[in-house]
Structures are given as C-alpha cells and as structure tokens.
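Let's read this one together, a feature at a time. Bring your questions, and we will take each general idea before turning to the case at hand.

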Amino acid sequence: MRRKLEDEAARLAFGDMNPQEAEKLRQKVAGDRKAEAVVQAYADMRDGLKSLAEIPEDQFSKDRLRDAILTQGLKPVPTRVRNNRNWLWMPATASAMGFVLMFSVQMLHRRSGPTNIVVNAPKGYSLGSSILPPNSSASGVSAKSAGLTASNLGHGHSAVESSTSVDPDEVDPRISASNLVSGEDDAAVDPDLGSRPTGPNLAALPVTDGNLATLTASNNSPKPASAEPIILIDQDKDDQTGACRATEVGSSSNVLVGG
Amino acid sequence: MGYDASLSGRVEMDTDVALVKKARDGDFHAFEQLFDRHRTLVYRFAYQMTSRRDDAEDVVQEAFVRAYQNLHRYRDEAKFTTWLLRIVTNLCTDQARMSQRRTALEQQEAAGALDWMTSGDIEDPVHNLEADRRKIVLRKALNALPIHHRSVIVLRDIEEREYPEIASILGCTVGGAKLRVLRARRALRDRISPFLGEDRS
C-alpha cells in the first residue's frame, strides 16, 4: 500500500479529515480490502488509545507541593520589566554619557586655558574685553610696570617663560604671558580683592600704578596669596636676548591688588 | 453573605493570568489555586508519558516547582496550561533521557510480554479480557515509542488536544505538529500490528 494512502487512511480513522475529503477517500478505498483493513486498523488503534485515557487517581497533595516549594525556600524570580525596546536604552545611555564626557573635557580644557598678562600696555587698553562677560568685575592686581593686563590666570610660571621667547616685533605692545598663577590655591591675588582671576572671565585691565600691574578677576572666591613667585613680563626688551624682560616677584607682598 | 458570595465568585472567576500575576507578587495562595485547577491535567499527561503513578507524581511536583520558579517567563499571550504542558513535556523528555537504561529494560520486558501474549498459549474466553490484552499491548507499545512520538500521541490521541495547542507546546508550527502526529501514529502502528494479527506486507 502506498504510504500516501496509508497516511490518508490514518487521517480518516482519527477524524482529521473534513467531510468532503473523508467521503472522497471512503469511495476510493471501497472495494479495496487491504485499504479497508488499514483504515480499520487505525480505527482500532484510535479506540485503544482512547481507552488508555483511564488512569488511576493521583495521590498528590497540596501539602506536598507546599513542602516542595516553601520548605526549600524557593521564590518566584522577580518579574523584570521586559520590553521589546529595552535595547534602546543602551545606545541612548552611551550617547548621553559620551556627550557628558565630551562636555566635561571641553569645560576642563577651557578652564586650563593660558593666562595672559600684559605689562606696560597703553593705559586704558583692554585685552579681550569683547569676550568679557557682562558681570565681570573690574578689580585688578597692580604690578610695578604700568599697563599690566591679565586674563586667564591658571598655571605655573613655565608658560610665562616660554612666552618671553616670542619675537617682540610680533607681539602686541601688551606683553602676553600665560599661566601666571599656578593652581587654584596659588592665586597671586590679594585676599582683599575677594576674587581670583580665572579663565576667559578674566578681563584685561589698565594699569593703575607704575610699579604694579592690575589683574582682573571675575571669580569671586577669595584666595590667599601664595608664596610662589609671580613673573611679570615687561614690554622692555632684554639687551642680550632681545626678548621681553621678565621680572619675578618673590611673593605676593610686592603685589598690590586694587581697583 | 451576598457580598461574600459575589466576592468568592469573583475570586473563582480569576483567570489564570490574574492568578499568575498574584503569584508573581508573592501570593502563594494564588499559586495553590493554579495548582488545584491544573494538577489533574498535568498528572494525566505525566502518567501517560511515564505509565507509573509515582513517576507521574514526581513529574507533577517538579513541573509545578519549576513553574513557580519561572513565573516571570510566562507570557500572557499563551494559555497557562499550554505553558505548563510544555514544562511537563520537557521534564518527561529529560526523565526519558536519564532513565534510558531503565527504558531499554522495559522495552525488553514489553517485547517479552507481547510475545507471551500473542503466542496463543493462553485463550481469552471473555471478551473484556481481549480488550484488556489489546490495551496492554497498546500501552507497552506506546511506552516503547521514542519520547517525541509518545508525547504527540498522548497529546493528540489520548488527551485530545487541538493541533494549534500541540504546536504551542512542542514549539513548532501547526503543520509541523500534524506531521509529527502522523509519523508517531505510523510508528505506533508498526509496533502493534504484528501483535494484533495485522499483515503489514
């Protein structure tokens, strides 16, 4: 007997055919004793399987289940919030973190920008006044050279030394120096000033005294004067090097801070 | 009183999904209700798969323990019973693998019993004895089937589950479930036909 016909006989015997198919197959197997025997065998098997549905009663108790679950201290695993879009959190969080990181690095970079101090600049000349924030105060530090203007105080005096090597012809009449003051705790600002010049908020100020330079600060956190030297760069050129002359002030006691 | 009756009625009408949610929140009584509802179903299937009451009860216990521990994995879109029967099917498959040696012995025993029953040495004067004999033959042959054939025969032809549900339990398509049932029936008939006097030629 062909396998296909046998499968159809099984479907017929187990009632898996629709009435049209069943009738068609019955007509097909009618008169074929072998085919009819196969259909009958599957029908007997179906009846026998149905008789197997009778099973003995179980003696399983709820207490047994409770013991199995509770005495073992088992608990259902807490339901997690499952969402098909959960994976979106990962790139979104990564992007946000990247953005915050970039922003922080940028801000840090701005804060550690160079400090420029101009000595002997023309009176009333202002460096970078265009970028001065509206709320910047006009207080300053007086140095011994007239016309000192400062902005972006930040780091140690090594940068000041490097700035002295600049060709004086290319340098603005205001002599620039960077990083006049090292670190936050080293602000060479009189504590009475009540502020410490930092970053771009520092305004250029005209010199008010012949021996003192004026530094401008917009930061309003008062810092005590440090013992580290302050280097002031003068507009006058050194005879030997041709570079601008630098003067190191031993301490902030030589620096008068005032408006 | 009337309030209590309506309340209890409402509790009785709790769907499986609602009970599952309560059980997830730590309400063990809700899980016991689920157990009461479906223990017979699980036991019947387990018994048909194992043919031993004690084994079937072990399977029932393990199935409900696993269900309790994995309630968070249950998806509301599927019927709870379907999910439960899938667990039982997997458990029975695992058990069949572990007790392969025992099964082999049982098969030998079944074959011996079939030979003994079909040798014609014993006459069956009473008709119900013949029915019992056929039943035993069928049971033995069913137990001797590979687990994947046995599970679909039990689901479809003994427990009379619909094909879509069988497909859900087995994790296949409806067409795949039909095909599996067809093959399993063929395999079962191949096993019983020699003992029932059929000519397979």
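**Reading the model together**

Q: What percentage of the residues of chain A count as buried?
A: In this predicted model, 35% of the 259 residues of chain A count as buried.

Q: Which elements does chain A have, and how do they run from the N terminus on?
A: Chain A contains six helices and six strands. Starting at the N terminus, the order is α-α-α-α-α-β-β-β-α-β-β-β.

Q: How much of the contacts in chain A comes from residues 24 or more positions apart?
A: Taking contacts with a separation of 6 or more, 76% of those in chain A join residues 24 or more positions apart.

Q: Where is the largest nonpolar core, and which residues have the most contacts inside it?
A: A core of this kind is a set of buried nonpolar residues joined through C-beta atoms within 7 Å. Here the largest has 57 residues, and B:Ala46, B:Val60, B:Ala63 and B:Val88 have the most contacts inside it. Helix α3 of chain B, residues 28–50, gives the most to this core: nine residues. There is also a second, separate core of five residues, among them A:Ile231, A:Leu232, A:Ile233 and A:Cys244.

Q: What does B:Ala46 touch, leaving aside residues up to four places away in sequence?
A: Its partners are B:Ala56, B:Val59, B:Val60, B:Val88 and B:Cys92.

Q: How should I read the packing of α3(B) and α4(B)?
A: Two packed helices are described by the angle between their axes and the distance between the axes. For α3(B) and helix α4 of chain B (residues 53–69), the axes come within 8 Å and cross at roughly 135°. That angle makes α3(B) oblique to α4(B), since angles over 145 degrees would count as roughly antiparallel. The crossing of the two helices is right-handed.

Q: Which residues make that contact?
A: From α3(B) they include B:Phe35, B:Val42 and B:Ala46, and from α4(B) they include B:Ala56, B:Val60 and B:Phe64. By class, the contact of α3(B) with α4(B) has 12 nonpolar, one polar and three charged residues.

Q: How many residues does each chain bring to the contact between chain A and chain B?
A: Chain A gives 28 residues and chain B gives 36 residues. On the side of chain A that touches chain B, α1 (3–13), α3 (33–51) and α4 (62–70) each supply at least two residues. The largest share, seven residues, comes from α3(A). This side of chain A divides into 18 nonpolar, four polar and six charged residues.

Terms used. Residues numbered from 1 in each chain as written. Chains lettered and ligands numbered in written order. Predicted model: local features only at pLDDT ≥ 70, side-chain atom pairs only at ≥ 80, totals over all residues. Contact = placed C-beta atoms within 7 Å. Helix = DSSP H or I, 4+ residues; strand = E, 2+ residues; numbered from the N terminus. Nonpolar A, V, L, I, M, F, W, Y, C, P; charged D, E, K, R; others polar. Buried ≥ 20, exposed ≤ 12 C-beta atoms within 10 Å, placed from the backbone. Axes fitted to C-alpha atoms, helices over the stretch in contact; angles between N-to-C directions. Parallel < 35°, antiparallel > 145°, perpendicular 65-115°, else oblique. Left-handed = near helix turned anticlockwise from the far one by under 90°.
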